[in-house]
Amino acid sequence: MGKSDFIFATCRTGGEPSLKREVLARHGGLLTPAFMRPQLITFKAQTPLPADFELGAAFAPVSGFSIGMARTAAEVALRISEAGLQASMLHVFPRVIGEDGVTAEVWQRMDQIKAEVEQVCLLTAGSSGQVIDLIIGEEGEPWFVGTHRASAAVHPHPGAVPRITLPAGMPSRAWLKMEQSLAWLGLDAPESLLGKSALELGSAPGGAAWSLLQRGMKVIGVDTGAMDERVLNHPRYDHIGLAAGEVPFDYLPERVDLLISDMNLAPDVALRLLEPFEDRLKPRWLILTMKMNDAGIEAQLPALIERVRSFTSGPVYAKQLHANRREVTVISQRA
Ligand SMILES: C[S@@+](CC[C@H](N)C(=O)[O-])C[C@H]1O[C@@H](n2cnc3c(N)ncnc32)[C@H](O)[C@@H]1O
C-alpha cells in the first residue's frame with residue numbers, strides 16, 4: 001500500500017491511558033500520539049514505517065495504518081484507491097463499543113454504511129488478508145478509515161467485537177468475556193465445541209462455564225467460591241471446590257480440549273498455578289485472563305506473555321477485549 005505516517009489503534013472503553021503507556025513503552029522514539037477520541041487514538045511516526053509495521057499492542061483490539069477521513073462512501077473509495085490498497089474485507093464498526101457489547105440498532109446503522117461503501121468500492125475477490133477498517137463516530141463526525149492485515153493475533157470480527165450483548169440473568173459478566181474469547185479463537189460456530197471438554201481455574205460464579213455448557217461442552221470448574229445453581233446442577237458440569245494449588249492431579253482427566261484460567265490473583269501467581277495444569281492436561285486451546293490492576297503490572301505484560309510462551313507449545317496472543325475490565329485476555333492454540 002501507499003505510505004502512511006499514521007497508525008491508528010482502538011481500545012476498550014476507558015482503555016486510552018493504558019494504550020498510550022503501552023505504545024510509549026514499545027515504540028516511544030518512533031510514535032507520538034496525534035489525535036485522540038474516546039476509544040480511538042492515532043500516532044504519528046517520526047520516521048518512515050515499513051509496510052509490514054505492526055503496533056502489536058495488547059491494549060489495542062484493532063490497529064493498523066491510518067488512511068484518512070471520509071464523509072461519504074465515495075470518499076472512502078477515494079481514500080482506498082489513493083492508498084493503493086488491495087483489500088478483500090471491509091469492517092465497519094462503531095468507534096464507541098461498550099463493555100456489554102453493541103446493540104442490534106447500532107449494527108443496523110453500520111450495515112447500512114457498509115452496503116453503501118460496497119457499492120462504490122471494489123474489494124478484491126478471495127482473501128488478500130487486507131482489511132479496511134471504517135470506524136463510525138457520532139452523527140456529523142467524519143468517518144475514520146484505516147487498514148490492517150488479518151492474522152491469528154487479531155480478533156476476526158469487525159471492531160474485535162462479535163455481535164452479541166450480555167443477556168440479562170447470566171451467572172456473571174464472564175459469559176461475554178468467554179464468548180468474545182471463543183470468537184477470537186474462531187470457535188464461535190454453533191457446533192465447534194460440541195462434545196469437547198474444558199477445565200476452568202477460577203470458575204465462580206459461572207458465567208464462562210455457562211457459555212461453554214450452552215455450547216455443548218463438558219466443564220470442570222475449580223474454585224472455592226459459590227457457583228450459580230444452574231451451572232452446579234448442570235449434568236455436564238463437575239465442580240472441584242478447592243483452590244487451584246490444592247487440586248490433587250488424580251482428580252483430573254488425562255486431557256481437556258480447553259483450559260481456562262480466570263483467577264483474581266496477581267498474574268505471576270496465577271501463571272505459577274496454571275503451568276502444572278497446562279503441562280498435565282495438554283489442552284488444544286488456552287484462554288487466560290491476567291489482571292492489570294496498575295501501570296506497574298501493565299509494564300510487566302511483555303514478560304508475562306513470554307512466561308506463558310515458555311510453557312505452551314503454540315503461538316500466544318494477548319489483547320484487552322471489550323468485555324475485559326482491568327485485565328487482558330491471552331489465548332494460545334497448541335501447535
Ligand atoms: C473473576 S472471578 C471468576 C469468574 C468466573 N470465571 C465466571 O465465569 O464467573 C475470579 C475467581 O477466581 C477465584 N480464585 C481466586 N484464587 C483462586 C485459586 N487459587 N484457585 C481457584 N480459584 C481462585 C475466586 O474465588 C473468584 O471466584
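Q: How many of the eight residues of helix α5 are buried?
A: Let's start with the helix at residues 207-214 of this predicted model. Buried here means under 20% relative accessible area. Helix α5 is mostly covered, and its count of buried residues is seven.

Q: Which residues of α5 are buried?
A: The helix spans residues 207-214. Its buried set runs through Gly207, Ala208, Ala209, Trp210, Ser211, Leu212 and Leu213.

Q: Which elements do the buried residues of α5 pack against?
A: Contact here means heavy atoms within 4.5 Å. By that cut-off, the partners include the helices α4 (174-184) and α6 (229-232). The strands among them are β8 (197-201), β9 (218-222), β10 (237-240) and β11 (258-261).

Q: Which residue with a positive phi follows α5?
A: Helix α5 covers residues 207-214. Past it comes a residue whose phi is near 85°. That residue is Gly216.

Q: Which element gives the largest share of the lining of the largest cavity?
A: The lining residues include Ala174, Lys177, Met178 and Ser181, along with Ala208, Ile287 and Thr289. Two elements give two or more residues to this lining, namely β12 (285-291) and α4. The largest share is four residues, and it comes from α4.

Q: How many residues of the lining of the largest cavity are nonpolar?
A: Asp262, Glu200 and Lys177 are in this lining, and three of its residues are charged. Another three are polar. The nonpolar residues number five.

Q: How many charged residues does the lining of the second largest cavity have?
A: This cavity is lined by Thr10, Cys11, Gln39, Phe93, Pro94, Arg95, Ile97, Gly159 and His322. By class, four of them are nonpolar and four are polar. The number of charged residues is one.

Q: What is the distance from a polar side-chain atom of Asp223 to an oxygen atom of the ligand?
A: The ligand is surrounded by 19 residues, and Asp223 is among the closest, as are Ser172, Ala208, Ala244 and Asp262. Ala208 places a backbone N or O atom 2.8 Å from a ligand oxygen, while for a side-chain N or O atom of Asn264 the distance is 3.4 Å. For Asp223, the distance is 2.7 Å.

Definitions and conventions:
Residues numbered from 1 in each chain as written. Predicted model: local features only at pLDDT ≥ 70, side-chain atom pairs only at ≥ 80, totals over all residues. Heavy atoms only, no water. Buried < 20%, exposed > 50% of the residue type's maximum accessible area, 1.4 Å probe, protein only. 1 Å grid on protein atoms, 1.4 Å probe; cavity = no way out; pocket = protein on both sides within 12 Å on 5 of 7 lines; lining within 4 Å. Nonpolar A, V, L, I, M, F, W, Y, C, P; charged D, E, K, R; others polar. Near = heavy atom within 4 Å. Polar contact = N/O pair within 3.5 Å; in protein donor to acceptor, adjacent residues only side chain to side chain.
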